[in-house]
Every structure is written in structure tokens, then in C-alpha cells.
Amino acid sequence: MKNASFVPHPVTDTESFESLLVGAVKAGFPSPAEDVREKLDLVKLLVRHTASTFFFQVDGVSMVDADMDEGDILIVDRAVDPYNGCKAVCFIDGEYTVKRVVIHDDGAVLMPCNEHSTHYKPIPVGPDNDFLVWGVVTYIIKKA
Amino acid sequence: MFALADCNNFFVSCERVFRPDLEGRPVIVLSNNDGCAVSRSNEAKALGIKMGDPLFKVRDIVEKNKVTVFSGNYALYGDMSRRVQEVLRSQAPSVEVYSIDEAFLDLRGAVIEDFDAYAKQLSASCRKLTGIPVSVGVAPTKTLAKIASKLCKQYPKLRGGCYLHRPADIEKVLRRFPAGDVWGIGRRTRGKLALLGVSTAWDYAQLREYDVRKNFALPGWRTWKELRGIPCIEFEDYVEPRQHICVSRSFAKEIDTVEELCSQVATFADKAVAKLRGQGSLALEMAVFAMTNRFHTEEPQNFASQLVAFPDGTDDHRTVVLTAADAVRKLFDRRYKYKKAGVLFTRIVQKEGFTRSLFRDAEADDKEGRLSQVMDAINGTYGRGTLRLGVQGDGQVHSSHEFRSPCYTTRWAELPKVRI
């Protein structure tokens, strides 16, 4: 069962898919790059901690000034401690939201980032709220 | 020292990570095909819902108390389990994954000053990083570590971590711990325990060694020693090839045609072969079985099975799948409606070192082997069931997942959405 659902390519290096079907290719000159296997791995760049990183998708426009647009994918890392001014996925009184978290002595305020709309107001968080910071947003993936 | 890290009500906890609104509320997760409760929140346990209760039996409780019901989402649970294991690996020299929600840690040789603080810290890390509550018991043996982790669940004051090592503490705990709940004491030995006057783990540990050896064979003797603080159950951080492989499912809708049953069982057989090949084994014997719905007591009941031998051993997709389909044709009886069926390899050997018969057709075997390899490669890359044998039909296991949550962490199309 170990990670069973998470192995997209169990074909081993030595016995690649093609060589199984057509046999190994015998060619003349060995490639000087044969033993050098390097490539850029986006996941390594964007996912610092594989145990604690999750993805969310944005629905709504309260954070457009923080570069979070409808449909963007947020990379959220639970290993990062919430800090003053961080953008975080929060859970408040039964609902998810993403806001800038301003922390002060006796609580916090969830700040929207949308200058063009008066619709979004800061949400004060006090002891009466059922509140948790689910995880801090570390990257935003968006379509250019 | 050994530790056991055990995820609390694991499947329910996985659902709650993405549904924090369900904290403190009754939740259950149902088995494949929405049959029975396989994971319950503490609140659901308190309402009297038992492990394995079929949904229809507890429907009244569920409706009256607004219990949230989920179908099993194994993609999610598997991924969350992987995350917890990663946290454990980062904090312990070696980890033995015991099941999807439990792992032993070998702490021998680790430089840890305060095991109690370590246990609590590890539990807190798992919770923070993955969202899953984990109980960590630390003790001189695996069996005692398991008991210590159970204490964490009973006593929230322990904050998820418990170090059980002082003889006086161990005695106090074992005196209150039912012998039948000790890891390694099987349900079948309960009768024997009663005869010997054993009701608690402490009673068991106080038996004379002679009586233990006489009555409980080797595993019972090991458990006895472990309860007395002598480690003797090996730490296994590699996975032993399994001795049995079983793929079985209950169907969403009962099956009453031989073609349908054949194609379902063929798909199970295909999955079973993939597991067999994955661990480098050969099957020597296979049982194919089908049964009616035991909850429909007014309908005629039947349990049918067929045992088939492969004297030369096989790990070939085609051979196994066709043989399984053939077995279904033999056992099928159209007077019955089948609710569940499965394929079980009852005798397995490692391929390496197994001498196959001199008189087998080596060339045909080689062809079979190549076909199976190609099937493995294609199905490994493009998903199980991409390349399949005709008898498997559409290759879909007809199961119902009426209340399945999104695969939040394994499918792009099902990411959790945040309204912002």
C-alpha cells in the first residue's frame, strides 16, 4: 500500500517502455551525454516540504491586488509558521478564505486585497471566532 | 526504545483535514461499496456506532444525530498516509510501516534525552504538518509501545505522546488493560485465556512461562516476553513478500449473470497478478470465490468457491485471468444473486530460486512472460486496466461511491476550492 496511489511511472530506468516493445536500440556512437541526467524539476522548486504542501484553487476576487485571481492554484505549506502580513488559507466560522493575516497583540485581522471594491471589508478575529490558519501560501501558479 | 505512531480514527481524520467544520462532530467512513462503517470519529463511537456496522443498521442514529457519512476515498487516505510517514521518517532513524495508519519507529541508538517530550513533539509535528492527529507511544518493546499509544487516545491530557517505561507504571497500566486487546493475542485464544483465569494483560504477563509455551505457541510466548519488557518482535523496515494475496470486492448491485461475474472476477484476478508480480512471486494455488448478500436473510444464501492449482507456478496475467474466469463458470449458480466475489492466491513462492518442471514448454512460458511484462509496463504508465484481456469486459469494478469526498491531493480537477 505504501504510496501506492502516487507512483505515476513505475517503469524502471533500465527497462524502459520502448525497449520492451521494440528491443534496445543498437547504434554506433555512444552519446557523451549518456550518463548525465539532469533536468529542472518544477516540483522541487515550488514544493519545499513534500509532507506538508497542499494545493488549493482560487474562487473569487477579494485578493486580486495580491496577485490571486480566479482559477489560480495556490501552493500552501503547513510547515511555514504564520507571520505578520502572510497570505494564508484560513478557516473562520465554518468557511475557508484566503486573506492577508495581520497579527496584533490580542488577535488578528484578515485583510482583503482589492482596492477597486468596497465589498470586501477587513475581518477582525477574536476569541469568539472559530478560527484557524490552515496553511501559509508560498507560491501562486497562474496562467500567463 | 520503540515507538508506535498510530493515526487517530485515520480515515475520518483525513476527511476532517479538508473539512475543519467537522471537528467535534460525528463522522463515519464506509467500506468499499458503502457497506459498513470502517472508521468512526469519537463522537460517532459515543453514539453507539460500532466498527463494521452496516449503514442500514445505523441509519436511524445517523439521521437523528446528523452524522456525516463518507464513502472511502482511498486515493486521499493513501496520500495522507504517505505524508505522515514522511514526517515520521524525518524524526526517527528507522520506520516500519505496519499499516496505512500505523508505523513502528526503532529508536535504539537515537540520541533522545526525554522520550516523553519526544513523543509529544512528534505527535504535534504530525498534526501541524499534515493535519492528522497521531498518538505516539514509546516503550521498551513494540507490544508495550502499542499499549502506550492507546493510552494517548484515552487520556487527552497526554497530548498525543506517552512514554511507558517505569515498572510500576507498566504494572498499573497492564492491570487495567484487557488481555484480549493486546497486540498479538488473537481472538481465538480468548477462550483459552478465560480457562487460565487471565482477564488483563497483567494476568497474562504473570502466567508461568511453562503454561504460556504449552498453551499459546511461539507468538503467544513472544507477546508474553514483550509485556515483561523484553523486546523480541523483530523490527522490520523492509516489507516481507506477502504469503497471501487477495483481491475481493462487494458489488454495488448484486450480480446474477455469469458473464458479468466473469468479467468482474477477471478484473480482480488481473489486479492480484499485478500485486504478485510486484513482489516477484509465483502463485501455486488460487481460490476463486463468490457469495450472496448475507444481510438479505430472506434470499437464498450461497458461498461458492473453486480451488485451482498451478503446479509449475505462474505469474502470467493471461493464464491467471482466464483460469479465474473459468472457475467462475464452474461455481456460478443462477439461483443466486452474488454480492461479493474475489480471487485469493493461497500458495505463493518467490520466483527466484523456485525450480520449475523440466517438462514445461519453456518457449510458451517466455511468450507469456513477455506479454505480461508489456501489460505491466502499459498499465503502469497509463493506469491499470488500459490493456486488458477480453474476458475482463470494460475492466471497471462496479462499485458505488455515493458519498466520496474529492481527491483533494491527488487529482488536479478536485483541488479544494477557496472562496476569497
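**Close-up 1. Helix 6 and helix 10 of chain B meet at a crossing of roughly 65°.** In this predicted model, the axes of helix 6 (residues 142–154) of chain B and helix 10 (residues 209–227) of chain B come within 7 Å. Angles of 65 to 115 degrees count as roughly perpendicular, so that is the label this pair of helices gets. On the helix 6 side, the touching residues are B:Lys142, B:Thr143, B:Leu144 and B:Ile147, while helix 10 brings in B:Thr223, B:Glu226 and B:Leu227. Sort the residues of this contact by type and you get 3 nonpolar, 2 polar and 2 charged.

**Close-up 2. B:Tyr204 and B:Phe216 make an edge-to-face pair.** Stay with helix 10 of chain B, which holds B:Phe216; its partner B:Tyr204 sits in helix 9 (residues 201–205) of chain B. The ring centres are 5.4 Å apart and the planes stand at 70°. Because the two residues lie in these two helices, the pair ties together parts that are 12 residues apart in sequence. B:Tyr204 is buried, at 1% relative accessibility, and B:Phe216 is buried too, with a relative accessible area of 8%. Look over the ring of B:Phe216 as well: the charged end of B:Lys192 sits there, 5.7 Å from the ring centre.

**Close-up 3. B:Phe10 and B:Phe11 form a tilted pair.** The ring centres of B:Phe10 and B:Phe11 are 5.9 Å apart, and with planes at 55° the pair counts as tilted. Both residues are buried.

**Close-up 4. A cluster of rings brings in residues from chain A and chain B.** From chain A come A:Phe54, A:Phe56, A:Phe91, A:Tyr96 and A:Trp134; B:Phe18 and B:Tyr408 are the members from chain B. Ring pairs link them into the cluster. Over the face of one of these rings, A:Phe54, lies B:Arg83, at 3.8 Å from the ring centre.

**Close-up 5. A:Asp93 has a positive phi in a loop of chain A.** Its phi is near 45°, and the residue is something other than glycine. Find A:Asp93 in the loop between strand 3 (86–92) and strand 4 (95–104) of chain A. With 45% relative accessibility, A:Asp93 counts as partly exposed.

**Close-up 6. B:Arg159 has a positive phi in a loop of chain B.** For B:Arg159, also a residue other than glycine, phi is near 50°. The loop that holds B:Arg159 runs between helix 6 and strand 8 (161–163) of chain B. At 60% relative accessibility, B:Arg159 counts as exposed.

Conventions
Residues numbered from 1 in each chain as written. Chains lettered and ligands numbered in written order. Predicted model: local features only at pLDDT ≥ 70, side-chain atom pairs only at ≥ 80, totals over all residues. Heavy atoms only, no water. Axes fitted to C-alpha atoms, helices over the stretch in contact; angles between N-to-C directions. Helix = DSSP H or I, 4+ residues; strand = E, 2+ residues; numbered from the N terminus. Parallel < 35°, antiparallel > 145°, perpendicular 65-115°, else oblique. Contact = heavy atoms within 4.5 Å. Nonpolar A, V, L, I, M, F, W, Y, C, P; charged D, E, K, R; others polar. Phe/Tyr/Trp six-rings, centres within 6.5 Å; stacked < 30°, edge-to-face > 60°. Buried < 20%, exposed > 50% of the residue type's maximum accessible area, 1.4 Å probe, protein only. Lys NZ or Arg CZ within 6 Å of the ring centre and 35° of its normal.
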